[in-house]
Number of protein chains: 2
Amino acid sequence: MRLLSILVLFLALGGCGTQIAPRRYVWITGLKPEKAQRYRELHANPWPGVNRLIKESHIQNFSIHQREIEGRLYLIAYLEYTGTNFDEDMKRMAADPETQRWWKETDPCQLPLPDALAKGKVWSDTEELYYLK
Amino acid sequence: MRLLSILVLFLALGGCGTQIAPRRYVWITGLKPEKAQRYRELHANPWPGVNRLIKESHIQNFSIHQREIEGRLYLIAYLEYTGTNFDEDMKRMAADPETQRWWKETDPCQLPLPDALAKGKVWSDTEELYYLK
């Protein structure tokens with residue numbers, strides 16, 4: 001009985017599953033063929049400070065994938081946001097000098113889609129149709 | 001001291017974080033414009049039996065997203081696999097009558113890319129370049 005009550009207390013205090021439900025994002029952008037190898041190398045050895053800031057900005061489970069569609073190369077990003085102010089967290093990332101240096105390497109590799117380009121952004125949003133519940 | 005040892009035992013027995021590390025998949029396929037609304041409606045109300053089998057097949061965190069690229073519509077799927085035999089689990093799904101009925105609804109909405117089409121599949125793979133660690 002004592003074991004049970006301790007376990008219940010542990011769970012209630014946040015042992016498991018009490019994290020804020022993540023908000024999912026899938027983003028897409030183009031990749032210049034002549035820069036694909038450079039982009040690949042950068043992301044095979046991402047800078048620790050950049051990764052650290054991404055995590056501090058409440059982003060988790062972030063991956064980037066490459067795919068050819070109709071003869072062009074694209075990058076697809078999946079990430080989960082667990083914070084409460086996405087815009088604020090993005091602004092903080094954009095203000096970080098190391099992240100700015102990283103983007104100076106990655107931006108010239110990417111070919112934003114027209115809607116992102118119009119907003120001065122790199123990545124375009126997608127629309128979620130389904131989530132497994 | 002007794003509390004601490006119980007907590008350690010609980011964690012060791014699988015309280016948190018002892019799940020097999022998921023394998024990530026990002027897939028892509030085309031979406032027929034004239035079937036986009038039908039596909040959206042199906043996925044806004046997925047059949048419970050289909051969802052159940054997906055989960056029993058060790059798939060989690062599965063979402064499907066829509067996006068227009070260069071004037072064409074595409075579907076992007078993100079999912080995580082936590083099992084030990086992906087091909088076997090996929091075969092079991094493909095053999096399920098309700099899943100077959102579901103695919104009979106969704107297949108006519110999709111426009112597989114050439115590499116998937118050549119294999120008689122709907123979804124094309126992508127290649128992961130980066131994962132946040």
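**Figure 1. His58(B) in the predicted model, a partly exposed residue of chain B.** In this predicted model, His58(B) has 18 C-beta neighbours inside 10 Å and therefore counts as partly exposed. His58(B) belongs to the loop that links helix 3 (48–56) to strand 2 (59–69) of chain B. The phi of His58(B) is positive, about 65°, although the residue is not a glycine. Most residues other than glycine have a negative phi.

**Figure 2. Asn61(B) and Glu68(B) in strand 2 of chain B.** Asn61(B) is found in strand 2 of chain B, and Glu68(B) is placed in strand 2 of chain B too. Asn61(B) is not a glycine, yet its phi is positive, near 55°. Asn61(B) counts as partly exposed because it has 18 C-beta neighbours inside 10 Å. Glu68(B) is likewise partly exposed, with 18 other C-beta atoms within 10 Å. From Glu68(B) to Ala95(B), 27 residues away in sequence, the C-alpha to C-alpha distance is 32 Å.

**Figure 3. Packing of helix 3 against helix 5 in chain B.** The axes of helix 3 and helix 5 (residues 97–106) of chain B lie 9 Å apart and form an angle of about 115°. The crossing of these two helices of chain B is left-handed. Helix 3 of chain B contributes Gly49(B), Val50(B) and Leu53(B), which meet Glu98(B), Thr99(B) and Trp102(B) of helix 5 of chain B. By class, the residues of this contact between helix 3 and helix 5 of chain B are three nonpolar, two polar and one charged.

**Figure 4. The largest nonpolar core, with Ile76(A) and Ile76(B).** This core has 30 residues, and Ile76(A) and Ile76(B) have the most contacts inside it. Two or more residues of the core come from each of strand 1 (23–31), strand 3 (72–81) and strand 6 (127–131) of chain A, and likewise from strand 1 (23–31), strand 3 (72–81) and strand 6 (127–131) of chain B. When residues up to four places away in sequence are left out, Ile76(A) touches Val26(A), Ile28(A), His65(A) and Arg67(A) in chain A, together with Val26(B), Ile76(B) and Thr126(B) in chain B.

**Figure 5. Arg67(A), a buried residue in strand 2 of chain A.** Arg67(A) lies in strand 2 of chain A. Arg67(A) counts as buried because 21 C-beta neighbours lie inside 10 Å, where 20 or more are required. Not counting residues up to four places away in sequence, Arg67(A) touches Tyr74(A), Ile76(A), Ile28(B) and Thr126(B). Arg52(A) is 15 residues from Arg67(A) along the chain, and the C-alpha atoms of the two are separated by 27 Å.

**Figure 6. Antiparallel strand pairs within chain A.** Strand 1 and strand 3 of chain A pair in the antiparallel sense over eight bridges, and Arg24(A) stands opposite Glu80(A) of strand 3. Strand 2 of chain A is also antiparallel to strand 3 of chain A, to which nine bridges join it. Ile59(A) stands opposite Tyr81(A) in strand 3 of chain A. The hairpin of strand 2 and strand 3 of chain A has two residues between the strands, and Glu70(A) takes a positive phi near 50° there. Chain A has six helices and six strands in total, and their order along the sequence is α-β-α-α-β-β-α-α-β-α-β-β. Of the 133 residues in chain A, 19% are buried. Among contacts in chain A with a separation of 6 or more, 72% are between residues 24 or more positions apart.

**Figure 7. The contact between chain A and chain B.** Chain A and chain B each give 34 residues to the contact. On the side of chain A that touches chain B, two or more residues come from each of helix 1 (2–12), strand 1, helix 2 (36–44), helix 3 (48–56), strand 2 (59–69), strand 3 and strand 6 of chain A. Strand 2 of chain A gives the largest share of this side, seven residues. The side of chain A that touches chain B comprises 19 nonpolar, seven polar and eight charged residues. Strand 2 of chain A also pairs with strand 6 of chain B in the antiparallel sense, over four bridges. Ile64(A) stands opposite Tyr130(B), a residue in strand 6 of chain B.

Definitions and conventions:
Residues numbered from 1 in each chain as written. Chains lettered and ligands numbered in written order. Predicted model: local features only at pLDDT ≥ 70, side-chain atom pairs only at ≥ 80, totals over all residues. Buried ≥ 20, exposed ≤ 12 C-beta atoms within 10 Å, placed from the backbone. Axes fitted to C-alpha atoms, helices over the stretch in contact; angles between N-to-C directions. Left-handed = near helix turned anticlockwise from the far one by under 90°. Contact = placed C-beta atoms within 7 Å. Nonpolar A, V, L, I, M, F, W, Y, C, P; charged D, E, K, R; others polar. Core = buried A, V, L, I, M, F, W, Y, C linked by C-beta atoms within 7 Å. Pairing = 2+ DSSP bridges.
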